[in-house]
Amino acid sequence: MIDPVFLRTPQFVCEALSDRIGVTTVLKVESINPIRSFKGRGADYLMHVLGEDTRRIVCASAGNFGQGMAYACRKRNRPITVFAARNANPLKVERMKALGARVELIGDDFDQAKDAAKSHAQQNGELYVEDGKLAPIAEGAGTIALELTEGSDQMDAIFVPLGNGALVNGVGTWLEHRSPKTRVIAVCAQGAPSMALSFEARAAVTAPSSTIADGIAVRVPISEAVDAMAKTVDEVMLVTDDEMLQSMRDLLSDAGLIVEPAGAAGVAAIQKRAQEFAGMRVAAILTGGNLTEQQIAGWLTGVPGRPGSRGPQAAPAG
């Protein structure tokens, strides 16, 4: 039911990284497809579930989900409007437009854009879809875990970047069924800790968001996603912007991959806890690779020093 272009993504043990940190690390590469992120899986499955509904789709996105929805809507000749913050990644904005979406830049962060999207859909009788809230999106994302567990090698843990929760809930739901001994470790940006705080409190906790990792820069959690995490996630941990940037550089040198900050969060977490997981087999989901030329120059090929400084543009939210 999901477009094959998003399925069977590369997954392999990165020997250079594994040897260096002493942890057998499987990389699940979700950045090699037409939208350079995993979001196409859930978006395409959602549109399949919605069936013949012909209303214009409205959603909010930091860029990757919007691309996934635009791709799925274009395939079905469905009109779509994506709301994004005024400071959204310009590359992601242009790609949403190129895929046929009408893009509205409103608000200072993702959550303000999301509020605008909800109001717009309600006022115009259009269909608002929310990433992290709708089960089909999580189900589609969960196919990543299905692919990771098809082999005979047991995973001790899977590290999952944590934004609004759709990915980790889909992954965790499948692992509970197929590989319950595999730990599900969700990874938040230290500068955007709302989902970590929510997991600990077992209730949605709003917190300030200031991180370069726009894909996981959540300020206002979705309560349904937080509730689901109680059964799908074993632990939530934090990584800094500097740690994500270092892992981005390591992925380039060790695996030849260009990955955005949120996409490198899982690897950053593994490297942070390498001593604890020494000798084990783990996986990191590289969720996306949408970087502007400026970001590539500043983050991947720039001179290290204080890599988390506001160089190529830090995102204050979602």
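Colleague: How many aromatic pairs does this predicted model have?

Modeller: The count comes to 2 aromatic pairs.

Colleague: What makes Phe 6 and Tyr 71 a pair, and why is the pair called edge-to-face?

Modeller: Their ring centres are 5.1 Å apart. The cut-off for pairing is within 6.5 Å. Their planes stand at 75 degrees, and over 60 counts as edge-to-face. So the pair is edge-to-face.

Colleague: Which parts of the chain does the pair of Phe 6 and Tyr 71 tie together?

Modeller: Phe 6 lies in the segment before strand E1 (11-13). Tyr 71 belongs to helix H3 (residues 64-75). The pair therefore ties together parts that are 65 residues apart in sequence.

Colleague: Why is Phe 6 called buried, and what puts Tyr 71 in that class?

Modeller: Buried means under 20% relative accessible area. Phe 6 has 2%, so Phe 6 is buried. Tyr 71 has 12%, so Tyr 71 counts as buried.

Colleague: What makes Phe 159 and Phe 277 edge-to-face?

Modeller: The centres of their rings are 5.4 Å apart, and the planes are at 75 degrees. The limits are within 6.5 Å for a pair and over 60 for edge-to-face. So Phe 159 and Phe 277 form an edge-to-face pair.

Colleague: Where do Phe 159 and Phe 277 sit in the chain?

Modeller: Phe 159 is in strand E7 (residues 157-161). Phe 277 is in the loop between H11 and strand E10 (281-286). The pair links distant parts of the chain, 118 residues apart.

Colleague: How do you know whether Phe 159 is buried or exposed? And Phe 277, buried or exposed?

Modeller: Set the values against the limit of under 20% for buried. Phe 159 is at 0% relative accessibility, so Phe 159 counts as buried. Phe 277 is at 4%, so Phe 277 counts as buried.

Colleague: What lies over the face of Phe 199?

Modeller: Arg 202 does, at 4.5 Å from the ring centre. The distance limit is within 6 Å. Arg 202 follows H8 and has a positive phi, near 60 degrees.

Colleague: Which residues of H8 are buried, and what covers them?

Modeller: In helix H8 (residues 194-201), the buried residues are Ser 194, Met 195, Ala 196, Ser 198 and Phe 199. The cover includes strand E8 (183-189), helix H9 (223-232) and strand E9 (235-239).

Colleague: Why is H10 called roughly perpendicular to H11?

Modeller: The axes of helix H10 (residues 241-255) and helix H11 (residues 265-272) cross at roughly 100 degrees and come within 8 Å. The range for roughly perpendicular is 65 to 115. That makes H10 roughly perpendicular to H11.

Colleague: Which residues meet between H10 and H11?

Modeller: From H10, Glu 243, Met 244, Ser 247, Asp 250 and Leu 251. From H11, Ala 265, Val 267, Ala 268, Gln 271 and Lys 272. By class, the contact of H10 with H11 has 5 nonpolar, 2 polar and 3 charged residues.

Colleague: Why does Asp 53 count as partly exposed?

Modeller: Asp 53 has 22% relative accessibility. Buried needs under 20% and exposed over 50%. Asp 53 therefore counts as partly exposed. Asp 53 is in the loop between helix H2 (39-50) and strand E3 (57-60). Setting aside residues up to four places away in sequence, Asp 53 touches Arg 78 and Leu 127.

Colleague: What is Thr 143 in contact with, leaving aside neighbours within four places in sequence?

Modeller: Thr 143 is in contact with Ile 2, Leu 7 and Arg 41. Thr 143 has its place in helix H6 (residues 135-148).

Technical notes: Residues are numbered from 1 along each chain as its sequence is written. This is a predicted model: local features need pLDDT of at least 70, side-chain atom pairs count only at pLDDT 80 or more; totals for chains, interfaces and linings use all residues. Side-chain values use heavy atoms; hydrogens and water are left out. Axes are lines fitted to C-alpha atoms, for helices over the stretch in contact, and angles run from 0 to 180 degrees between N-to-C directions. Helices (H or I, at least four residues) and strands (E, at least two) are DSSP runs, numbered from the N terminus. Angles under 35 degrees count as roughly parallel, over 145 as roughly antiparallel, 65 to 115 as roughly perpendicular and the rest as oblique. Contact means heavy atoms within 4.5 Å. Ala, Val, Leu, Ile, Met, Phe, Trp, Tyr, Cys and Pro count as nonpolar, Asp, Glu, Lys and Arg as charged, and the others, Gly among them, as polar. Rings of Phe, Tyr and Trp (its six-membered ring) pair if their centres lie within 6.5 Å; planes under 30 degrees apart count as stacked, over 60 as edge-to-face and the rest as tilted. Buried means under 20% relative accessible area, exposed over 50%, partly exposed in between (1.4 Å probe, protein chains only). A charge sits over a ring if NZ of Lys or CZ of Arg is within 6 Å of the ring centre and within 35 degrees of the ring normal.
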